[in-house]
Each structure stands twice: as C-alpha cells, then as structure tokens.
Amino acid sequence: MAERAALEELVRLQGERVRGLKQQKASAEQIEEEVAKLLKLKAQLGPDEGKQKFVLKTPKETLTGKYGEDSKLIYDLKDQGGELLSLRYDLTVPFARYLAMNKLTNIKRYHIAKVYRRDNPAMTRGRYREFYQCDFDIAGQFDPMIPDAECLKIMCEILSSLHIGDFLVKVNDRRILDGMFAICGVPDSKFRTICSSVDKLDKVSWEEVKNEMVGEKGLAPEVADHIGDYVQQHGGVSLVEQLLQDPKLSQNKQALEGLGDLKLLFEYLTLFGIADKISFDLSLARGLDYYTGVIYEAVLLQTPVRPGEEPLGVGSVAAGGRYDGLVGMFDPKGRKVPCVGLSIGVERIFSIVEQRLEALEEKVRTTETQVLVASAQKRLLEERLKLVSELWDAGIKAELLYKKNPKLLNQLQYCEEAGIPLVAIIGEQELKDGVIKLRSVASREEVDVRREDLVEEIKRRTSEPLCIC
C-alpha cells in the first residue's frame with residue numbers, strides 16, 4: 001500500500017508538471033516527453049478496480065482552434081488548482097463533443113442556454129458578455145442539402161412568426177470561399193485571416209477591408225483587388241449559374257462542389273417557398289473555423305430612405321452552417337458525423353422587440369396572463385379564489401392580487417402596468433344576478449357575462465395571436 005501511495009504521488013506531481021508546461025506554452029516536444037513519462041508512471045500504477053474511471057478534459061482544450069480570430073473573445077479562467085478553463089463560447093462545440101462522447105451518429109435537437117463572450121457590451125444592439133442562444137441542429141449522414149434546406153426553412157419560420165420586420169438570409173459556402181482565395185493567389189496560410197477580413201464587409205466598406213488585407217495582413221494589392229471582384233457580388237440562383245461558368249472558379253474542385261450544392265439548395269428552398277428570402281452573398285464568410293460547407297446569416301432590414309434604394313441591414317439575428325468535421329475532432333478514432341445547424345440570438349431579438357414597442361409607446365408584457373380576477377367590494381376573497389380556480393381548470397391564464405381586500409383602482413392599474421388585457425370583476429350585485437363583469441383594459445368597456453359563458457367569452461377575446469411588430 002505504501003508503494004502504491006508513493007507511486008500515486010509521483011503520478012500527481014508529473015500530472016501537475018504536464019499541466020504547467022501547457023500553461024507556459026512550452027514546446028510540443030517537451031510536452032510530449034513529459035506526457036510519455038506520465039503515461040509510463042500510470043502504467044506502473046496499473047488498474048484500480050475499486051475506483052471509478054473518469055475522462056476529464058478541460059474546456060480550453062476543447063475550445064481552441066475552432067473560432068479563428070474570434071478566439072480572443074473566449075473567457076479564460078483558472079480553477080483552484082491553477083488548471084486553465086474557459087466559459088462556453090457557443091452551443092455548437094459542446095454539442096459536437098456530446099455526440100462524440102456518446103457515440104451518436106444521428107440526432108435532431110434544439111438547445112437553449114447561456115454562452116459567454118469577452119466582448120465590449122452594447123446593450124442597445126443586444127450585445128452582452130453573458131447571453132442566451134437557441135440552437136437547432138441535425139446530425140447524421142443524409143443526401144446533400146436536404147437537412148440544410150430544412151434549417152433555413154426553420155430559420156425563416158422563426159423570424160417570420162416573431163413579426164420583427166423584414167429580413168434577408170445571406171448564404172455562401174466555405175468551399176467557394178477557399179476556392180476563390182486559391183484562384184486569386186491567397187497563400188494557404190492566410191486563408192482564415194483573409195476570411196475574417198471579408199466577413200467585415202457587412203459593417204465597413206470594401207476599401208477599409210482591402211486596407212486591412214494589404215496593410216495589416218500583408219496581402220498583395222492585386223490579389224486583394226481580385227478578391228474584391230468576387231466578394232462584392234450577391235444575388236440568387238442566377239449568380240450561382242454565372243459562377244459555374246466562370247473560367248477560373250469553375251476549374252477549382254472545392255468551389256465547383258460548393259456551387260453545385262448551392263444550386264441544389266436553391267431548388268429545395270424554392271419548393272419550401274422561401275427562395276425570395278435568400279441571397280447568395282460572396283462576402284459572407286462566418287469567421288468560425290469549424291464550418292466546412294454551406295454557411296448562412298439572417299439580417300434584419302430597415303426601410304430604404306429613398307424609393308428605389310436597396311434595404312439596409314441593421315444587424316444579424318441568426319446564423320449557422322455545416323460543420324462536418326467538428327465531431328471527429330473529439331472522437332478518439334476521428335470518426336466524423338456530418339452536422340448542420342442554426343443559432344438564434346435571443347437577446348438580440350428581445351432588444352429589437354423592446355425598441356419597437358417603446359417606439360410605439362407600448363409596454364413590454366412580462367406575463368402571459370389573459371385575465372385578472374378582481375373584486376369591486378371588500379370581503380370577496382373567497383369568491384375570487386373560486387372563480388380563478390374555475391378559470392385555471394378551463395385552461396385560462398388567470399391571476400389575482402394576493403390581498404384580502406384590494407381596492408378596485410389598484411387592481412385595474414396593475415392590469416395596465418402588466419399588460420393584462422381583461423379583468424373579470426366580481427361584485428355583490430353580480431353574484432346575485434349570476435354574472436361576471438368583463439372589462440377590456442384597453443377600451444375600458446364593460447359587459448355583463450353569464451358565469452357559465454365566461455370561459456368561452458375569454459377564449460374568444462384572447463384567441464387572436466399577439467403581434468409584437
């Protein structure tokens with residue numbers, strides 16, 4: 001036992017040495033040498049049947065090499081033992097790791113959770129350091145572009161149902177980008193950094209992007225100009241067909257595959273009835289390194305200042321794409337699972353909805369309550385409790401103030417502040433007559449409704465969908 005305890009201590013110390021070298025960013029050769037020593041010590045230790053095996057991976061190992069230049073926005077932390085950790089940057093990488101760890105090869109799912117960015121917050125634009133995302137993903141080996149088209153259909157359906165204004169979904173393919181960079185003369189080592197520059201074209205002018213490419217990233221001016229000829233183009237399936245005839249781009253295998261898939265994608269999008277919402281945009285790059293094929297991003301549009309002008313984008317609210325190689329990065333045997341998905345920026349959409357409601361001088365509803373059960377006189381708490389219970393049992397979203405004898409004015413003011421549309425008022429005379437006074441908070445109109453008809457009347461009045469446009 002003493003020998004085993006001594007060996008366990010050596011393993012612990014060697015493990016700390018390996019972690020220390022990784023934190024110090026020592027050379028790969030030195031780390032490999034120390035890891036080999038650690039494995040040799042563990043082999044001497046042998047199996048311990050009395051202990052449960054755990055596979056531990058620090059999130060930082062998990063996250064590096066997948067976000068390109070956005071890696072600087074990852075929140076790095078250290079635990080009590082000095083181990084380097086990171087907060088979750090998105091929901092895609094954890095999903096890929098989950099598939100690999102559980103050996104799943106086919107799944108469709110959605111996930112809503114918090115993610116974290118070491119960014120400069122901009123509250124009015126819905127940019128935060130801690131915020132929610134809603135992801136939808138399809139994993140599995142399927143025929144080309146069918147799940148991709150479904151993801152775009154879902155994205156359009158979500159944004160349309162939210163009534164937050166006109167939107168456009170930009171679509172591109174990482175293979176087209178890589179093929180374009182290759183024929184334009186971009187060195188392989190600069191593909192990702194130039195890709196990051198191109199992705200800024202929705203925020204800054206081409207001249208600014210070109211200056212960054214040439215001045216900061218060392219690209220030759222003529223190469224940058226050649227890129228500019230391509231990335232300033234956008235359109236529909238006709239642009240795809242035009243590029244398929246491009247004498248240089250069509251000779252690149254990667255670009256040809258990407259264009260072929262995009263042409264097929266537009267056929268499916270037409271069948272889904274959403275092709276008019278999609279724009280093939282060669283400037284869309286999506287800086288995340290894990291994308292391997294089709295990429296897309298939804299932007300809200302504002303009304304043109306003058307007739308004839310194109311609508312201007314006012315911000316991205318959803319994005320996604322295909323990431324066929326990400327699961328294989330976590331699988332010990334490198335087994336790949338094709339994946340495609342989308343992410344909705346929850347806070348971004350909330351910010352837009354709040355701004356629109358404020359502009360219309362409407363209050364933001366914080367409750368789904370359809371009716372408040374109120375009383376006109378004192379000593380009617382029992383009757384309020386009985387009525388609210390009846391409404392709950394009928395599936396009506398109802399509530400009441402938690403006071404024995406609230407003033408009617410206070411109850412009505414609560415409805416106005418909370419945006420509750422209806423008030424069911426109980427009074428002594430109403431109880432004698434077998435009716436309930438139903439009041440519309442907006443119009444202040446009141447009608448007497450027989451108690452047995454109240455549920456049906458409330459459902460009729462609240463059946464129309466809430467519009468937040």
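Strand 7 (residues 278–281) is covered on both of its faces: I278 and F280 on one side, and S279 and D281 on the other, are all buried, where buried means under 20% relative accessible area, exposed means over 50% and partly exposed is anything in between (1.4 Å probe, protein chains only). Strands here are DSSP runs of E with at least two residues, helices are runs of H or I with at least four, and both are numbered from the N terminus. This is a predicted model, so to speak of local features a pLDDT of at least 70 is needed, side-chain atom pairs count only at pLDDT 80 or more, and totals for chains, interfaces and linings use all residues. Residues are numbered from 1 along each chain as its sequence is written, and side-chain values use heavy atoms, with hydrogens and water left out.

Strand 7 has two neighbours to look at, with pairing taken to need at least two DSSP bridges between the strands. With strand 5 (residues 167–173) the pairing is parallel and runs over three bridges; here V171 sits opposite F280 of strand 7. Strand 6 (residues 234–235) is joined to strand 7 by two bridges in the antiparallel sense, and H234 has D281 as its bridge partner. F280 and D281, then, both belong to the buried set of strand 7.

Zooming out, the protein chain holds 16 helices and 15 strands, and 43% of its 469 residues count as buried. Take contacts (heavy atoms within 4.5 Å) between residues at least 6 apart in sequence: 63% of them join residues at least 24 apart. The chain exposes about 26200 Å², with carbon and sulfur atoms supplying 52% of that; the areas come from the Shrake-Rupley method with a 1.4 Å probe, and for residues only the protein chains shown count as cover.

Two non-glycine residues turn up with positive phi. H163, with phi near 55°, is in the loop between helix 5 (146–161) and strand 5, and is partly exposed at a relative accessible area of 37%. R379, with phi near 60°, lies in the loop between strand 11 (371–375) and helix 13 (381–393); its 66% relative accessibility makes R379 exposed.

On to the rings. Y290, Y291 and Y323 form one aromatic cluster, where rings of Phe, Tyr and Trp (its six-membered ring) pair if their centres lie within 6.5 Å. The count comes to three aromatic pairs. Arginines also sit over ring faces, the rule being CZ of Arg within 6 Å of the ring centre and within 35 degrees of the ring normal: R109 lies over F95 at 4.0 Å from the ring centre, and R117 over Y89 at 3.7 Å.

Note on methods
Rings of Phe, Tyr and Trp (its six-membered ring) pair if their centres lie within 6.5 Å; planes under 30 degrees apart count as stacked, over 60 as edge-to-face and the rest as tilted.
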